[in-house]
Amino acid sequence: MGILQVQNVNKSFGGLKALNNVNLDIEEGSVHAIIGPNGAGKSTLLNCFVGRLRPDTGTVKFNGRSLLGLSPHEINQVGVARVFQTPEIFSDLTLLENVMIPALAVRDGAFRINGWGRVDAQADIRERAEAMLADVGLADKLTDHSGNLSRGDKRRLELAMCLVQSPKLVLLDEPTAGMSRADTNNTIDLLARMSEQHGVTKIIIEHDMHVVFSLAKRITVFAQGHPIVEGTPEQIKGDPKVKEAYLGGAQV
Amino acid sequence: MTTITRETARGDLLRFALFAVLILAMPLWLAPLGAGYPDLMQKFAIYGLFAVGFNILFGLTGYLSFGHAAFLGVGSYTAVWSFKLLGMNPLPAIALAIVLAGAFAWVIGFVSLRRTGIYFAILTLAFAQMSYNLAYSVLTPITNGETGLRVLNSDPRVLDHMMGAGEVEGSLVSTLFGIEMNGLPGFYFCAVWLLIGMYVSFRLFRSPFGLMLMAIKSNQNRMNFTGINTRPYALTAFVISGMYAGLAGALLCVTDPLAGAERMQWTASGEVVLMTILGGAGTLLGPMLGAGIIKYSENIFSAFNEQTLHEIFGFLPDGVEGAVVSVASLFVGEGWHLTLGLLFMLIVIFLPGGVIEGGHRIQALLRRRGKGGGADQAHPQAAE
Amino acid sequence: MIATTPRDRVVPAAPAGGAAAAVAPENTPYFQARDLHAYYGESYIVQGVGFSMKEGEILALLGRNGAGKTSTLRTIARLADPHLTQGEVWLAGQPLHRMKAYQASRVGVGLVPEDRRIIQGLTVQQNLQLAQIAPPKGWSLEQLYELFPRLGERKNQEGTTLSGGEQQMLAIARTLARDVKLLLLDEPYEGLAPVIVQEIEKTLHKVRDLGMTTVIVEQNAIAALHLADRAVILDMGEVVYDGTAKEVLDNEDLRHEYLAV
Amino acid sequence: MDAILLQILNGLDKGGAYALIALGLTLVFGTLGVVNFAHGALFMMGAFCAVSFNQLIGLEKVTVDPTQMTPWGTPLEVRVPMIENWLGDWGTFILDYSVPFSILMAIPVMIIIGLVMERGLIQFFYRRTHAEQILVTFGLAIVLQEIIKAWFGANPIPQAPPEDLRLAADIGAFLGFEPNTVVYPYWRLIYFLFSAMVIGGVFAFLQLTTFGMVVRAGMADRETVGLFGIDIEKRFTIVFGLAAVVAGLAGVMYTPILPPDYHMGMEFLVLSFVVVVVGGMGSLPGAVAAGFLLGILQSFASMTEVKSIIPGIDQIIIYLVAVIILLVRPRGLLGRKGVMES
Amino acid sequence: ADYLNKPTGDTVTFGFNVPQTGAYADEGADELRAYQLAVKHLNGEGDGGMLNTMNPTVLTGNGVLGKKVAFVTGDTQTKSDAARASAKRMIEKDGAIMITGGSSSGVAIAVQSLCQEAGVIFMAGLTHSNDTTGKDKRRNGFRHFFNAYMSGAALAPVLKSTYGSDRKAYHLTADYTWGWTQEESIKNSTEALGWETVEAVRTPLGAGDFSQYITPVLNSGADVLILNHYGKDMVNSLTQAVQFGLRDKQVNGKDFAIVVPLYSRLMAQGAGENVKGILGTTNWHWSLQDEGSKAFVKSFGEEYGFPPSQAAHTTYVQAILYADACERAGTFMPCGVVEALEGFEFDGMGNGPTLYRAADHQCFKNVLVVKGNENPTSQFDLLEIVQEVPAEQVTYDPAIFGGELGECNNGV
Ligand SMILES: Nc1ncnc2c1ncn2[C@@H]1O[C@H](COP(=O)(O)OP(=O)(O)OP(=O)(O)O)[C@@H](O)[C@H]1O
Ligand SMILES: Nc1ncnc2c1ncn2[C@@H]1O[C@H](COP(=O)(O)OP(=O)(O)OP(=O)(O)O)[C@@H](O)[C@H]1O
Ligand SMILES: NC(=[NH2+])NCCC[C@H](N)C(=O)O
Ligand SMILES: [Mg+2]
Ligand SMILES: [Mg+2]
């Protein structure tokens with residue numbers, strides 16, 4: 001019994017079957033990669049996990065509890081965090097504030113009025129946020145406006161915003177897209193470290209095979225809304241179906 | 001927008017102290033501007049408070065309400081009813097007004113906050129217009145319609161009767177500890193409330209709650225995926241700003257015990273929006289400043305007439321004077337709206353983000369100029 | 001609003017200068033960016049970038065995140081941000097620095113923006129048609145659908161609901177729908193499955209064979225360098241390296257220093 | 001029955017006006033993304049085009065008769081319209097039909113006003129916040145209004161419909177009712193037909209032309225459209241001009257129904273915003289549907305029978321319906337997702 | 001000082017509080033013109049206007065009590081709030097000793113009670129509601145305008161002689177206090193004639209298009225439509241009613257009639273052609289031929305080039321009357337002025353002999369019943385006087401509207 005169980009999930013957009021009878025079982029503490037051609041339905045699946053989309057049929061259970069019908073913030077509060085394909089950050093706020101908000105959400109829950117104390121007096125939160133930002137390599141930009149970051153930095157920031165919550169499950173939709181090699185390597189290190197330190201379960205969608213094969217313990221390959229193969233990195237690398245549908249002649 | 005973590009607690013306190021001194025000294029420095037009389041200063045304080053409260057909603061969360069005048073109106077009517085039933089003491093009136101306006105805001109906010117953006121704005125507008133239309137007509141027994149609700153000698157005023165036994169005749173002015181709340185004492189009474197309101201708003205802006213509200217404005221979607229239930233946050237902000245409006249409405253009646261229905265009309269809601277944007281939405285002092293600018297032009301420019309203009313331009317040679325006066329008279333007296341309209345346009349065009357924000361920009365520009373010196377030549381303006 | 005008035009406000013970078021000539025100096029390269037300085041509001045981002053290209057040349061513009069690659073491309077394409085304050089851009093004898101984006105596009109600049117910018121509310125087909133309204137027209141829709149069959153299949157779907165890879169294809173196709181003299185590609189492989197990357201790589205090789213002058217910005221430096229003839233590396237808004245692509249591929253130190261590969 | 005039929009007619013007629021004003025407003029909203037609080041002022045300026053045209057052709061040859069004095073002490077003036085002097089019967093005809101004829105003047109004038117407004121002001125606000133757009137256009141509305149007031153005064157200036165159309169048509173008799181039970185003014189019927197025509201024309205222009213597509217694209221992402229060699233600003237200017245003309249014509253034709261004054265724009269402004277939003281932001285059909293819907297409901301709510309059940313309902317019906325519709329349908333009747341939701 | 005804003009220098013300041021923006025801006029502008037003219041005449045400039053015809057008067061045209069008259073102005077915006085703010089400014093900042101003006105009853109009542117509390121005199125401008133000198137009357141306030149009751153009383157006989165006593169009336173009434181008092185007064189006086197009231201429908205203020213209220217009139221069986229509207233509302237409802245063919249309709253074998261109980265020239269101008277033949281009442285009209293009216297029309301016309309409106313007449317007279325009262329009382333002290341005005345009788349200010357009744361501070365004078373002119377000779381010649389109803393006929397018992405004057409207030 002894994003931490004996240006997906007059974008018979010289907011989702012159509014008009015005539016298009018974006019998810020076709022998806023079954024998936026994510027093991028607690030693992031790093032699980034989902035790969036597959038563009039348009040295979042990977043992001044759609046993630047959207048079904050976080051309450052952004054509702055599957056037409058099927059069930060999604062997190063720690064035995066159904067996520068369907070919960071609103072996004074409730075899903076986050078039970079321990080599921082998400083990094084988006086195009087960075088979603090608070091672009092009017094400073095980096096520090098960006099990371100303090102999710103930290104506050106963990107400490108204070110979905111809603112709590114604390115209108116009198118100062119933000120900077122929340123020493124615990126601030127420390128956590130600063131440490132987290134240092135971890136992702138943004139320590140020198142604490143009070144910069146996040147809107148002015150380059151895209152690579154925005155991704156790192158978003159990652160920090162998710163990780164600072166110490167979630168049980170992190171969903172990462174192409175976390176290194178657009179990152180330079182150097183930053184990608186840093187991110188791989190960071191994610192690896194997080195796994196070691198906190199045993200966080202991760203689902204990663206990625207097209208960068210370097211990232212996938214450095215991190216993932218298990219890989220599911222999607223095509224046309226359906227998981228076609230699942231296995232260890234070694235199995236996937238060798239699978240002819242995967243080669244044909246996804247990897248092509250790429251060296252991995 | 002200033003962000004929280006860049007400001008220090010000391011800096012804030014200093015700023016607030018400076019502000020408090022400026023407010024309390026208003027009779028001194030406003031007199032040369034022709035605005036140092038009690039009624040206008042009361043209006044500055046009261047509308048300042050209204051705008052400061054509105055800014056908690058609009059400036060922080062970005063929800064643009066076009067119906068806040070309804071809460072002002074509810075506050076006013078509540079206060080006058082409190083005068084009529086309980087007595088002329090302002091404190092119960094204010095307390096009741098805040099509570100009732102808050103409750104009303106809760107109801108309207110609860111419904112309206114199901115929508116965002118312009119849809120939210122129109123929902124609030126619709127509620128306020130309904131309140132206004134009904135107050136003007138069907139609800140006349142409660143609101144006294146067009147004339148406005150007033151305190152009459154025949155009103156029960158139970159507390160007054162209890163205190164003063166028989167002697168309750170005399171002027172129907174709100175009175176605290178024997179001091180009548182009009183004129184200068186009235187202004188200082190309002191000023192104290194303004195300072196309290198400002199201080200609360202200072203605290204809110206710098207608090208985790210304020211941070212959450214700013215984050216809602218910045219990216220509501222991210223908020224939801226961060227485990228935060230945005231609706232109650234926004235609703236709280238809505239109710240708080242409604243309570244400020246209720247307080248402002250009550251103070252209007254404390255200083256002048258009449259509640260007119262027009263204070264609920266959409267133009268009144270629009271006015272507070274304009275005040276806030278004009279001064280600088282999301283800034284701490286901007287809304288107060290915006291309120292000052294609008295109330296000043298409403299009261300001072302409308303009061304000019306040809307006679308006053310002739311006095312002002314009297315030093316000019318006759319022919320020139322005539323011409324100058326006839327041009328100037330287009331902008332004052334019955335033309336004061338023209339001045340106001342132009343003012344709106346000029347400020348947004350040249351000071352985007354409002355007076356405060358514009359001030360910051362000019363400051364920054366000057367600083368850059370000063371530092372750069374020859375930079376101008378090195379970076380000539382724009383190839384387009 | 002046409003580019004006549006601001007002309008004299010641009011200080012010519014070249015010492016020769018003289019009266020700002022409307023025609024490119026003799027013997028100038030096909031494309032040239034000279035000493036570009038550009039700002040986002042108050043932040044000074046492009047700090048004197050300059051490079052030139054021969055007709056048909058492919059240039060890889062490399063650098064870390066935030067080095068200013070995107071900003072440089074946007075400056076060349078004459079978008080409003082960042083704001084060019086100094087410098088000149090010439091393409092085939094035309095002074096781009098005096099133009100707005102739409103004018104530059106008519107001269108033949110084609111930018112495939114980094115976030116794809118598929119237009120909301122329009123179908124795939126309409127996105128393509130849109131690109132052909134103003135002259136000069138490039139490939140026909142049929143040709144484009146042949147090159148990208150997936151787009152043909154989805155031509156009536158709303159563009160923004162395409163998957164990431166499909167959107168990238170649409171963005172490239174949309175630019176090829178115009179007759180482009182200078183193709184600016186901002187991270188064309190980003191977010192694409194390896195098979196598609198290979199496909200787009202093939203397309204780009206075809207484009208190269210057409211002799212289209214191209215600037216490609218790409219994090220996948222190796223892939224870009226395989227495609228390119230030349231390489232320019234940016235750092236902190238300045239050019240720190242300008243040489244052949246092969247040299248970068250061969251020079252490990254260089255790669256390590258600027259590209260971390 | 002006849003009462004209901006009459007109220008439906010009232011609704012159509014009122015709805016035509018709402019729809020016409022809301023149409024221009026949505027056009028600007030939906031395409032340029034600008035919240036134009038000066039749209040009501042455009043409606044008002046249109047109405048004053050009719051007034052000015054009337055005054056222009058009504059220019060009178062004034063002869064002063066010094067032998068007679070008015071009671072207030074000025075010499076008596078004798079006035080004869082010049083156009084009658086010049087054109088004879090034609091002059092009389094033009095004078096009589098001055099409202100419809102003033103369309104000829106209103107179109108160019110409104111185009112110019114629209115272009116000047118867009119080039120001179122609005123274009124600088126495309127990328128500003130909605131709040132700032134509201135502030136600046138509201139300021140502009142006040143300024144325009146005050147200029148009109150300074151010129152024409154604050155009192156309404158009546159405009160007569162042509163003599164032949166001044167009265168009411170017995171359409172009841174036509175539909176098989178008893179004669180003289182369902183009568184409806186000719187001019188109002190014309191107004192309804194006119195608004196239907198203008199609405200149809202605008203739709204055709206935007207739906208069936210590539211121009212419409214480009215404008216929609218430019219609204220979604222102007223920067224990218226520029227990358228395709230399209231000068232989107234020019235097209236936006238045209239759209240703005242179009243919206244100004246639609247508002248202006250709505251105003252011109254409304255003058256015989258409502259004697260224009262400088263303040264009429266503000267009164268329609270809020271209402272037309274409600275109509276637009278109920279219809280759904282950015283949706284032209286939505287605006288038209290909402291216009292007619294609200295018009296008809298308002299008519300019914302004003303019937304004594306209804307008012308006696310719910311007192312004051314006619315005062316709030318529009319807002320009440322707006323609230324209900326927005327709660328049931330988050331984006332109004334036909335709104336698109338994401339337009340002006342933040 | 002023994003009273004508020006006691007003038008100390010060589011001038012005394014009056015506060016002219018008129019609508020400068022909003023629907024009544026034109027009316028307000030005319031009021032202001034009249035005030036300025038009055039100040040001139042008081043200070044001995046110009047031809048003296050009604051100073052020459054008023055009788056009795058102690059005014060001589062050298063200011064008031066030896067002081068020149070100065071004035072300040074403000075904008076009521078026709079809103080109770082704004083009007084009070086503006087009045088307060090004049091009292092608090094500019095030291096005005098008397099406030100006058102306004103063009104609606106809501107404002108008049110609100111400002112009147114402000115003046116009462118502050119302790120200055122209020123001379124009402126255009127206000128027609130029974131409440132102003134009825135249930136909301138105040139010792140410090142006086143009204144020169146007539147009211148809805150008087151309109152009804154004056155109009156009824158003329159209606160009877162024109163339309164007979166067997167009529168069915170349909171009222172459209174502006175849905176706020178003034179509308180209601182007028183509806184009530186007109187209903188009472190027409191029902192006393194034997195008319196039947198078919199229906200009285202309330203219409204929202206500023207409705208713009210009244211068609212949805214007019215169509216039900218068509219087949220209601222009514223043969224008279226009474227429009228209890230004022231200003232723009234009346235301009236619109238009348239225009240539209242005529243457009244629906246009501247004026248040309250035959251019902252119950254009679255010609256359908258429209259009545260506008262409260263008329264003004266500015267409204268008639270706004271409604272244009274549509275006023276022709278329509279009956280109503282007005283406080284004063286420039287075509288009156290008494291000496292006072294002629295003198296006033298002449299000096300106003302010479303100054304501004306057109307004749308004054310009834311609002312202008314009211315405000316002019318108010319300023320003069322106040323000045324005269326001060327002069328007679330020998331002081332500006334409000335209580336002194338009140339005493340001088342209460343029960344004051346005079347003539348020569350238009351409308352014949354006039355009484356300022358002590359019991360309610362309402363003025364009684366002849367009321368004009370007018371009719372839209374069928375053949376106007378100028379753009380101002382819109383109303384024609386049908387009858388000048390003598391004051392006795394419109395006088396009523398002050399007790400019927402309740403209210404209490406209270407004590408006068410000197411403000412100290
Ligand atoms: N809201 C929507 N309406 C219609 N079609 C949609 C919608 N969202 C996604 N699709 C379609 O569903 C399919 C799956 O999309 P999805 O975004 O899940 O792909 P993906 O696997 O994440 O691809 P990529 O790797 O390129 O991001 C695509 O064909 C896409 O066009
Ligand atoms: N709109 C903007 N406003 C202010 N600063 C910006 C803006 N866009 C980019 N910048 C800043 O300009 C710098 C260069 O950004 P640019 O996007 O050109 O880099 P890049 O080389 O393309 O990086 P990446 O590989 O991350 O895309 C960055 O530091 C970024 O923070
Ligand atoms: N608020 C208004 N529209 N008031 C108009 C009132 C006019 C009317 N003559 C009165 O005395 O009251
Ligand atoms: Mg995806
Ligand atoms: Mg980039």
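This is a short tour of two ligand sites and one chain interface in a predicted model.

Before you click, note the numbering: residues run from 1 along each chain as its sequence is written, chains are lettered from A and ligands numbered from 1 in the order in which they are written. Because the model is predicted, local features need pLDDT of at least 70 and side-chain atom pairs count only at pLDDT 80 or more, while totals for chains, interfaces and linings use all residues; side-chain values use heavy atoms, with hydrogens and water left out.

**Stop 1: ligand 1**

Why is the site shared between chains? Residues from both chain A and chain C surround ligand 1, so the site is shared.

Now look for polar contacts. These are pairs of N or O atoms within 3.5 Å; within protein, one must be able to donate a hydrogen and the other to accept it, and residues adjacent in sequence count only if both atoms are side-chain atoms. Pick T44(A): a polar side-chain atom lies 2.5 Å from an oxygen atom of ligand 1. For K42(A), again with a polar side-chain atom, the distance is 2.7 Å. G41(A) uses a backbone N or O atom, 2.9 Å from an oxygen atom of ligand 1.

The protein covers 84% of the 640 Å² of accessible area that ligand 1 has on its own. Accessible areas come from the Shrake-Rupley method with a 1.4 Å probe; for residues, only the protein chains shown count as cover.

**Stop 2: ligand 2**

Move to ligand 2. It has 19 residues around it, with N148(A), G66(C), T70(C), S71(C) and Q219(C) the closest. Chains A and C both supply residues, so this site is shared too.

Click S71(C). One of its polar side-chain atoms lies 2.4 Å from an oxygen atom of ligand 2. Next, find the backbone N or O atom of G68(C), 2.9 Å from a ligand 2 oxygen. For A67(C), a backbone N or O atom lies 3.2 Å from an oxygen atom of ligand 2. Here the protein covers 81% of the 630 Å² of accessible area that ligand 2 has on its own.

Colour by helix and strand: these are DSSP runs, helices (H or I) of at least four residues and strands (E) of at least two, numbered from the N terminus. Which element gives the most to the shell around ligand 2? α1(C) does, with three residues.

**Stop 3: chains D and E**

Contact means heavy atoms within 4.5 Å. By that rule, 48 residues of chain E are in contact with 45 residues of chain D.

The buried area is about 3400 Å², with 50% from carbon and sulfur atoms. It is the accessible area (1.4 Å probe) that two parts lose on being put together, summed over both. Select Q212(E), K232(E) and Q243(E): they supply 20% of the area that chain E buries against chain D, more than any other three residues.

How many salt bridges are counted between chain E and chain D? The count is five. In each, a side-chain nitrogen of Lys or Arg is within 4 Å of a carboxyl oxygen of Asp or Glu. Zoom in on K14(D) and D209(E), whose side chains meet in one (3.2 Å, N to O).

Show chains A and D. They do not touch, and their nearest C-alpha atoms are 14 Å apart. Chains C and E have no contact either, with closest C-alpha atoms 38 Å apart.

How values were computed
Near = heavy atom within 4 Å.
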